[in-house]
Amino acid sequence: MTTLPITLVGGTGLTGSAALLALLQSPSAVSLTAITRKDTPTPVQSYANASTSYTNRALPNLADAITSTEGVGPNGGVYISCLGTTRGQAGGFEKQKEIDLYLNRDLVTKAKADGAKTVSNVSPRFIPSHL
C-alpha cells in the first residue's frame, strides 16, 4: 500500500482544522505533516487507515519554514495551504496581505522547489494570478 505524503499549513483555523480532521479520517494511507504556529493535539483518537501517520511541526513564525532545511513540500507529494487570517487578527489590511498573499506565495514557491507534485491554496483571501 502506498502512503501519500501531505503537508498541511494552517491546520488550526476553521478551514485548516476541518482539512486536518478529514485527512486523518481518510480511508487512504497518508503521511501528514501539519505546519502550524503552535503545537496542536492530534484531532482524532485513531486514524481510519492504520498506515496513516501524523506529525505536527510548530513554528511560531511560519516564514521560518521558507528558509528551513526541513522543507515544506513533500517530494512527490501534496502541499495544502489553509493559511489565512482576518484583518483584525493580523493588525490591519497590509499585515493581512503579508500573510494571505505574500507568505502563501513564498510557501507555495518553496513547496514546489522541495518537489511537491500537487499544490493547493484552500483559503487565502488574496490569490496571486501566477500561482
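This is a predicted model: local features need pLDDT of at least 70, side-chain atom pairs count only at pLDDT 80 or more; totals for chains, interfaces and linings use all residues.
**Stop 1**

Select the five strands. They form an open sheet in the order β3-β2-β1-β4-β5, with parallel pairing. Look at the edges next. β3 (53–58) and β5 stand there with a single partner strand each, so one side of each has no neighbour in the sheet. On average, neighbouring strands are turned by 15° against each other, direction ignored.

Now go through some of the pairings. Select residues 4–9 for β1 and 30–36 for β2: six bridges join these parallel strands. Within that pairing, V9 has I35 of β2 as its bridge partner. Next select β4, residues 78–81. Four bridges join β4 to β1, again in parallel. Here L8 is partnered with I80. Move on to β5, residues 118–121, which pairs with β4 in the parallel sense over four bridges. Y79 stands opposite V119 of β5.

**Stop 2: the two faces of β4**

Show the side chains of β4. Which residues point the same way as V78, and which point the other way? V78 and I80 share one direction, while Y79 and S81 take the other. All four are buried. In a regular strand, side chains alternate between the two faces of the sheet.

**Stop 3**

Select residues 14–24. This is helix α1, which lies across β1, β2, β3 and β4. Its direction is at about 160° to β2.

Then pick L32, in strand β2. Is L32 buried or exposed? The relative accessibility of L32 is 1%, under the 20% limit, so L32 counts as buried. Show its contacts beyond four places in sequence: I6, L8, L20, L23, L24, S53, Y54 and T55. For a distance check, draw a line from L32 to G16. Their C-alpha atoms are 13 Å apart, and the residues are 16 apart in sequence.

**Stop 4: the nonpolar cores**

Select V9, I35, L62, V72, Y79, L83 and L107. These have the most contacts inside the largest nonpolar core, which has 15 residues. Helix α4 (residues 93–114) gives the most to this core, with five residues.

Centre on Y79. Beyond its sequence neighbours within four places, Y79 is in contact with T7, V9, V72, L107, V108, A111, A116, T118, V119 and S120. A second, separate core has 14 residues, among them I6, L8, L24 and V30.

**Stop 5: T7 in β1**

Stay with Y79 and step to T7, one of its contacts. T7 sits in strand β1. Its relative accessible area is 5%, so T7 is buried. What lies 2.8 Å from a polar atom of the T7 side chain? It is the backbone oxygen of V72. Not counting residues up to four places away, T7 touches T33, I35, V72, G73, P74, V78, Y79 and I80.

**Stop 6: the β2–β3 loop**

Select T42, in the loop between β2 and β3. T42 is partly exposed, at 36% relative accessibility. Outside four places in sequence, its contacts are L24, Y47 and Y54. T42 and L24 are 18 residues apart in sequence, and 9.0 Å separates their C-alpha atoms.

**Stop 7: the salt bridges**

How many salt bridges are there? The count is three.

Start with R57 and E70, whose closest N and O atoms are 3.6 Å apart. R57 is in strand β3 and E70 in the loop between α2 (64–67) and β4, so the pair ties together parts 13 residues apart in sequence. R57 is buried, at 11% relative accessible area, whereas E70 is exposed, at 61%.

Go next to R105 and D106, with closest N and O atoms 3.0 Å apart. R105 is partly exposed, at 26%, and D106 is partly exposed, at 29%.

Finish with D114 and K110, where the closest N and O atoms are 3.1 Å apart. Both residues lie in helix α4, four residues apart, about one turn of the helix. D114 is partly exposed, with a relative accessible area of 21%. K110 is buried, at 17%. Leaving out neighbours within four places in sequence, K110 is in contact with A65, I66, S68, G71 and V72.

Notes
Residues are numbered from 1 along each chain as its sequence is written. Side-chain values use heavy atoms; hydrogens and water are left out. Buried means under 20% relative accessible area, exposed over 50%, partly exposed in between (1.4 Å probe, protein chains only). Two strands pair if DSSP finds at least two bridges between them. Axes are lines fitted to C-alpha atoms, for helices over the stretch in contact, and angles run from 0 to 180 degrees between N-to-C directions. Contact means heavy atoms within 4.5 Å. A nonpolar core is a set of buried Ala, Val, Leu, Ile, Met, Phe, Trp, Tyr and Cys residues joined through side-chain atoms within 4.5 Å. A polar contact is a pair of N or O atoms within 3.5 Å; within protein, one must be able to donate a hydrogen and the other to accept it, and residues adjacent in sequence count only if both atoms are side-chain atoms. A salt bridge is a side-chain nitrogen of Lys or Arg within 4 Å of a carboxyl oxygen of Asp or Glu.
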